[in-house]
Amino acid sequence: MVSTELRQLAENWRTEAGRLRQLEAVGQAAVFEQLANELEASLATWETSSLTIREAAVDSGYTEDHLRHLVRMGHIPNAGRKNSPRILRRDLPDKRRSKDGSKHPQKLHCREQIARSVADSAKGGSDG
């Protein structure tokens, strides 16, 4: 999942900060730590954002009716009210994930592709 990869990126930045501190590059280490903090704060905000059923359907790939059913059955926690359910982004199921756990690239949203690109560039991967 993208948030897992971005959390790993923040951890990599913290590791780099530690390495820089050992080299007495305190200013550069502080920059890496600040970036890691900002990334983790942004991820926390993103993951706990509350979505309408319609928004959740667009993000997850499931139909609105199916998501309503999952909320009614308690498979997904209701972040809203009884007659106005909402779903936290972190609780969304992802229909686009294949059986092997990989995502189908043609069905990724732009923000996911951007986040993957950022994570991959930090690992030395390609952005294309």
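Of the 128 residues in the protein, which is seen here as a predicted model, buried residues make up 28%. The exposed surface comes to about 8,300 Å², of which carbon and sulfur atoms supply 52%. The secondary structure consists of 5 helices and 2 strands, which follow one another along the sequence in the pattern α-α-β-α-α-β-α. Among the contacts in the protein with a separation of 6 or more, 52% are accounted for by residues 24 or more positions apart.

Helix α2 covers residues 26-47, and its 22 residues reach 31 Å from the first C-alpha to the last, close to the 32 Å expected at 1.5 Å a residue. The buried residues of α2 are Ala-29, Ala-36, Leu-39, Leu-43 and Glu-47; seen down the axis of the helix, they fall within an arc of 90°, so they line one face of α2. The cover over these buried residues includes α1 (2-22) and β2 (86-88).

Glu-47, which lies in α2, has a relative accessible area of 14% and is therefore buried, since this value is under the 20% cut-off. Leaving aside neighbours within four places in sequence, Glu-47 is in contact with Ser-3, Arg-7, Leu-88, Arg-89 and Arg-90. With one of these residues, Arg-7, the side chain of Glu-47 also makes a polar contact through the side chain of Arg-7, at 2.6 Å.

| Item | Value |
|---|---|
| Span of α2, first C-alpha to last | 31 Å |
| Arc of the buried residues of α2 | 90° |

Definitions and conventions:
Residues numbered from 1 in each chain as written. Predicted model: local features only at pLDDT ≥ 70, side-chain atom pairs only at ≥ 80, totals over all residues. Heavy atoms only, no water. Helix = DSSP H or I, 4+ residues; strand = E, 2+ residues; numbered from the N terminus. Buried < 20%, exposed > 50% of the residue type's maximum accessible area, 1.4 Å probe, protein only. Polar contact = N/O pair within 3.5 Å; in protein donor to acceptor, adjacent residues only side chain to side chain. Contact = heavy atoms within 4.5 Å. Areas by Shrake-Rupley, 256 points an atom, 1.4 Å probe, with all protein chains shown as cover. Expected span 1.5 Å × (residues − 1). Arc of directions from axis to C-beta.
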